[in-house]
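Visitor: Before we go into details, I would like each label explained by setting the value against its definition.
Guide: Then let us look at the structure first and take the labels in turn.
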Amino acid sequence: MRRRMGINAAWVVVALLLLVALNYIASDEGGEKISYSELKAKIEAGQVQKVTVGESNIVAEPTQAARDAGAPEAWTATPVDDPKLIELLEEKGIEYDGSTSSNWGWMLGFILPFGLLIVFWLFMLRRMNPTQSVMTFGKSQARLQAEGDTGVTFDDVAGVDESEEELQEVVGYLKKPEKFVRLGAKIPKGILLVGPPGTGKTLLARAMAGEAGVPFFNLSGSEFVEMFVGVGAARVRDLFAQAKEKAPCIIFVDELDALAKARGLGGPVGGHDEREQTLNQLLVEMDGFDPRVGVIIMAATNRPELLDPALLRPGRFDRHVLVDRPDKNGRHEILKVHAKDIKLAADVDLEVVAQRTPGFVGADLANLLNEAALLAARRGGDDVTLKDIDRATDRIVAGLEKKNRLINEDEKRIVAFHEAGHALVAHCVDHADPVHKISIIPRGIGALGYTQQLPTEDRYLLTRAELLDRVAVLLGGRVAEEIIFGEISTGAQNDLSRVTDIARRMVMEYGMSDALGPITYENRQQTMLGLRQTITGEQDQHSEETLEQIDREVRRIVDEARDRVRELLTRERESLEAVARRLLEKEVIEADELREIVEECRAPEGRKVKESVGQ
Ligand code: ADP
Ligand code: MG
Ligand code: ZN
């Protein structure tokens with residue numbers, strides 16, 4: 001391929017040289033070079049019958065008489081800015097004309113830069129893409145890997161057991177598609193792996209191919225985008241054609257967000273036609289093929305919110321698998337996987353390492369062990385000691401803190417008590433949804449921890465007591481911080497805005513305030529999308545006095561709830577500390593464990609999962 005590319009470039013160069021040569025020939029053509037004054041003299045003497053004035057030369061055709069007297073085919077001279085020439089020609093009645101096309105030098109001025117540009121472009125293309133020639137660049141670049149070639153199995157992926165389980169079913173299908181087809185089982189077409197960078201999404205996809213022993217087509221979204229118009233779409237088409245031939249197999253589109261950003265969200269530069277065409281082709285192909293042929297399309301992204309919603313519709317990437325940051329146990333498992341090839345000293349306990357690396361993802365952990373090994377090698381040690389690992393940890397932590405992905409120990413303590421506060425209140429009040437899971441593993445941007453509750457059922461009506469309990473749970477985080485640290489952090493901001501929202505609605509929409517009575521002060525309207533929006537300013541509709549009263553009522557509800565929560569948490573302080581301590585130790589607490597730690601107030605069981613409290 002490389003050779004052929006070279007030949008192409010060579011041809012362009014040869015063609016250019018030819019042009020240059022032609023230009024020399026052309027400029028000399030038939031002309032005897034004379035000076036301008038000589039030319040003028042010959043015109044005056046009546047030896048010239050026709051003159052062609054070009055930009056860089058003047059060609060004069062001798063009369064028949066002059067030619068008979070031994071004049072050449074033509075005389076050429078370099079033009080001089082001489083308006084008199086035309087007068088002279090008119091006077092002598094000699095035919096004259098201007099010329100551009102015969103002027104090769106002028107044309108070359110155009111062609112040469114273009115030619116050079118093309119050569120440069122070809123050169124860059126080759127640099128960018130050594131495997132590809134210009135002639136074949138519509139062909140898909142998918143690297144086909146034969147059976148078992150990924151060399152990765154689920155054993156190489158640790159700490160993401162839930163995601164693994166979800167994918168196991170698909171592996172079963174890829175191994176024996178006929179069985180599934182015969183039974184009429186529905187198989188997902190598109191699976192989207194979602195999770196922060198470095199958590200092992202690419203690794204999982206490769207492991208799936210390895211487990212199922214099927215070919216694995218791996219492309220990245222950015223690879224599609226970098227090429228030229230029309231080619232991305234052609235590549236997609238080609239890819240699906242190839243995949244159908246090799247079925248059962250997996251097509252994996254890494255960094256899907258690069259390709260499939262929601263339309264209108266465009267990047268910094270204009271002209272996203274190419275990306276859109278490629279995306280559309282992908283959608284067309286996905287819609288057009290029958291999953292029973294045994295091609296599974298997988299994709300990975302760490303920015304699911306950027307994706308074009310069209311991609312997530314049923315029949316496309318409708319199955320989402322979350323690949324989340326590992327908890328302590330997960331990190332321990334991952335460390336074990338990567339420690340296999342590393343000679344560890346006897347003093348190294350990987351569980352301790354896992355304990356010390358909150359917020360690390362799989363890639364960070366692999367990097368950590370590698371750094372430690374390098375440090376050990378540099379100091380000439382026989383094996384990797386705990387000290388090497390500690391030094392490497394410090395280094396990586398510093399890097400990650402800069403990237404804002406890690407929180408320090410103090411912050412972690414605050415978050416632990418904050419979440420313990422939410423959880424304990426939810427656990428102890430009568431009407432709150434029971435706690436399902438508490439975590440202090442940072443999630444996305446902003447959320448430092450979360451408490452998950454399970455609603456009993458979908459609710460359309462809420463009583464006043466239920467709303468008040470909801471407010472109490474939301475306040476639990478902040479109040480716990482107050483009790484334990486005597487001061488409050490900014491971490492409760494989201495909680496507080498939700499508290500205010502609920503309290504305001506209780507007063508203004510649901511008529512749940514005694515002071516104001518069962519009157520709605522609602523000035524929100526239902527929009528077409530079912531969203532609630534404030535249409536007019538509140539000030540316009542209610543009197544100053546009413547507004548003050550509303551504010552007072554909202555404040556009263558919140559204050560009373562806060563007193564109640566403060567009392568509850570002070571009473572349960574021991575439990576609060578126990579929960580926080582366990583959180584700091586394990587990072588995640590499940591429902592059963594919470595019930596074990598907190599004996600007094602037990603919450604009802606057997607409910608559906610719904611995420612409810614962020615932060
Ligand atoms: P992602 O695609 O989610 O950004 P990768 O799959 O590219 O992450 O992970 C990069 C590397 O980090 C992997 O090759 C592997 O060495 C290591 N790694 C990441 N997650 C895990 C994991 N869960 N188990 C084992 N190794 C992991
Ligand atoms: Mg990746
Ligand atoms: Zn909170």
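Guide: A helix, as the word is used here, is a DSSP run of H or I with at least four residues, numbered from the N terminus. In this predicted model, His418 lies in helix H17, and His422 is found in helix H17 as well.

Visitor: Why is His418 called buried?
Guide: Buried means under 20% relative accessible area, and His418 has a relative accessible area of 4%, so the label applies.

Visitor: What makes His422 buried or exposed?
Guide: With a relative accessible area of 0%, His422 falls under the 20% limit and is therefore buried.

Visitor: How do you know that the residues under the UniProt annotation "binding site" gather at one spot?
Guide: The annotation, which comes from an unreviewed UniProt entry, covers His418, His422 and Asp495. They span 78 residues in sequence, yet no two of their C-alpha atoms are more than 10.9 Å apart, so they gather at one spot.

Visitor: Which residues touch the most other members of the largest nonpolar core?
Guide: Ile438, Leu569, Leu576 and Val579 do, in a core of 47 residues. Among the elements that each supply at least two residues of this core are helix H17 (409-428), strand S11 (435-439) and helix H21 (544-571), while H18 gives the most, with ten residues.

Visitor: What is Leu576 in contact with, leaving aside its neighbours within four places in sequence?
Guide: Contact needs heavy atoms within 4.5 Å, and with those neighbours set aside, the partners of Leu576 include Phe417, Ala420, Leu424, Ile484 and Leu569. A second, separate core of 28 residues includes Val160, Phe180, Ile187 and Met298.

Terms used:
Residues are numbered from 1 along each chain as its sequence is written. Chains are lettered from A and ligands numbered from 1 in the order in which they are written. This is a predicted model: local features need pLDDT of at least 70, side-chain atom pairs count only at pLDDT 80 or more; totals for chains, interfaces and linings use all residues. Side-chain values use heavy atoms; hydrogens and water are left out. A nonpolar core is a set of buried Ala, Val, Leu, Ile, Met, Phe, Trp, Tyr and Cys residues joined through side-chain atoms within 4.5 Å. Buried means under 20% relative accessible area, exposed over 50%, partly exposed in between (1.4 Å probe, protein chains only). UniProt positions are given in the numbering used here, feature names are shortened, and annotations may be inferred rather than shown by experiment.
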